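Student: Hi! I have a structure open on my screen and I'd like to go through it with you. Can we start with how the pieces pack together?

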Amino acid sequence: MAATTLPSGEPAPEDTSLYPIAVLIDELKNEDVQLRLNSIKKLSTIALALGVERTRVELIPFLTETIYDEDEVLLALAEQLGNFTNYVGGPDFAYTLLPPLESLATVEETVVRDKAVESLRQIAVLHSPTDLENHFVSLVIRLASGDWFTSRTSACGLFSVCYSRVNPMIKSELRNFFRNLCQDDTPMVRRAAAGKLGEFAKVVELDSLKNDLIPMFSSLAQDEQDSVRLLAIEACVSIASLLTHEDVNDLVMPTLRLCTSDSSWRVRYMVADKFTEVFI
């Protein structure tokens with residue numbers, strides 16, 4: 001039987017009480033998918049045995065380098081990492097979890113990306129403002145400007161969780177990147193942006209809402225894809241709830257009126273369904 005090794009390449013400890021941990025670590029590299037999945041689901045056990053420093057220095061980099069696996073394994077990993085902050089030393093070290101989650105947020109399988117984004121949103125709130133600006137925002141920008149639509153799609157769900165706690169210059173940069181996503185060449189990215197527009201609207205300043213996000217809404221509400229237009233109408237409700245009735249009439253209603261004669265019955269139905277909510 002081959003010798004069991006730790007992520008660092010060291011041989012397994014002689015202490016027999018730690019041998020089961022060494023086996024779990026070894027199974028992370030096993031050719032059997034079920035064994036890898038079993039080990040991923042017990043990452044917290046491995047991390048406790050290694051301690052916070054070795055988890056940060058050895059285990060997390062090891063996981064980051066091996067994110068080329070079956071979707072089932074990647075999904076389990078994305079879920080585990082969202083609850084892993086205590087195992088890397090607490091909120092002060094939450095940023096060390098970003099590299100593997102960033103990679104997971106770019107994979108082809110949608111459910112894996114969605115789970116990675118969910119975990120990133122969970123740990124975003126644990127970052128200090130400094131760590132948000134130095135680490136998390138950089139991740140968002142990399143995803144938002146990625147070559148593959150998968151990364152840009154994932155980025156859309158991360159703006160709202162970091163925007164309110166960064167400085168005005170970074171806020172402006174984030175709004176610009178979100179605008180780019182709303183105008184992306186790929187329909188899936190525009191759809192993701194439209195789906196998160198209402199959420200983003202709730203955290204931006206009123207002036208930025210009027211000057212930046214409402215033009216984004218108007219553009220998305222006239223998109224060539226009806227699935228994008230549909231989501232823009234849903235976002236309209238959140239946007240309108242943040243404005244005075246006068247502003248709703250001046251800034252939102254012109255676009256909403258256009259949507260009442262949309263070529264897609266689904267969009268017209270959505271307008272009718274949400275119309276009263278716009279004025280509540």
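Tutor: Happy to! Keep in mind that this is a predicted model. Start with helix α5 (residues 71–81) and helix α7 (residues 110–124), which pack at an angle of about 10° with axes 8 Å apart.

Student: Why give both an angle and a distance?

Tutor: Two packed helices are described by the angle between their axes and the distance between the axes.

Student: Which residues of α5 and α7 meet?

Tutor: On the α5 side you'll find Asp71, Leu74, Leu75, Ala78, Glu79 and Leu81. On the α7 side, their partners are Val111, Val112, Lys115, Ala116, Ser119 and Ile123. Sorted by class, that contact has 8 nonpolar, 1 polar and 3 charged residues.

Student: While we're on α5, what about Leu77, is that buried or exposed?

Tutor: Leu77 lies in helix α5 and counts as buried, because its relative accessibility is 4% and the cut-off for buried is under 20%.

Student: How far is Leu77 from Leu101?

Tutor: Their C-alpha atoms are separated by 8.8 Å, and Leu77 and Leu101 are 24 residues apart along the chain.

Student: Where does Thr85 sit?

Tutor: Thr85 lies in the loop between α5 and α6 (98–104). Thr85 is buried too, with a relative accessible area of 6%.

Student: What does Thr85 touch?

Tutor: Leaving out residues up to four places away in sequence, Thr85 touches Gly90, Pro91, Ala94, Leu97, Ile123 and Leu126.

Student: New topic! What can you tell me about α12 and α14?

Tutor: Helix α12 (residues 187–201) and helix α14 (residues 226–240) pack at about 10°, and their axes are 7 Å apart. That makes these two roughly parallel. By class, their contact has 9 nonpolar, 4 polar and 2 charged residues.

Student: Which residues are in that contact?

Tutor: From α12, the list includes Arg190, Arg191, Ala194 and Leu197. From α14, it includes Val228, Leu231, Ala235 and Ser238.

Student: And which residue has its C-alpha 9.2 Å from that of Ser238?

Tutor: That's Glu277, which is 39 residues away from Ser238 along the chain. Glu277 lies in helix α16 (residues 265–278) and is partly exposed, at 33% relative accessible area.

Student: Let's zoom out. How many helices and strands are there?

Tutor: The protein chain has 16 helices and 0 strands. Of its 280 residues, 50% are buried.

Student: How big is the largest nonpolar core?

Tutor: That core has 86 residues, and Phe136 and Phe159 are the ones with the most contacts inside it. In soluble globular proteins, nonpolar side chains tend to be buried together.

Student: What is Phe159 in contact with?

Tutor: Setting aside neighbours within four places in sequence, Phe159 is in contact with Val140, Ala144, Leu174, Phe177, Phe178, Leu181 and Phe200.

Student: Last one: what's the accessible surface?

Tutor: For the protein chain, it comes to about 13400 Å², and 51% of that belongs to carbon and sulfur atoms.

How values were computed: Residues are numbered from 1 along each chain as its sequence is written. This is a predicted model: local features need pLDDT of at least 70, side-chain atom pairs count only at pLDDT 80 or more; totals for chains, interfaces and linings use all residues. Side-chain values use heavy atoms; hydrogens and water are left out. Helices (H or I, at least four residues) and strands (E, at least two) are DSSP runs, numbered from the N terminus. Buried means under 20% relative accessible area, exposed over 50%, partly exposed in between (1.4 Å probe, protein chains only). Accessible areas come from the Shrake-Rupley method with a 1.4 Å probe; for residues, only the protein chains shown count as cover. A nonpolar core is a set of buried Ala, Val, Leu, Ile, Met, Phe, Trp, Tyr and Cys residues joined through side-chain atoms within 4.5 Å. Contact means heavy atoms within 4.5 Å. Axes are lines fitted to C-alpha atoms, for helices over the stretch in contact, and angles run from 0 to 180 degrees between N-to-C directions. Ala, Val, Leu, Ile, Met, Phe, Trp, Tyr, Cys and Pro count as nonpolar, Asp, Glu, Lys and Arg as charged, and the others, Gly among them, as polar. Angles under 35 degrees count as roughly parallel, over 145 as roughly antiparallel, 65 to 115 as roughly perpendicular and the rest as oblique.
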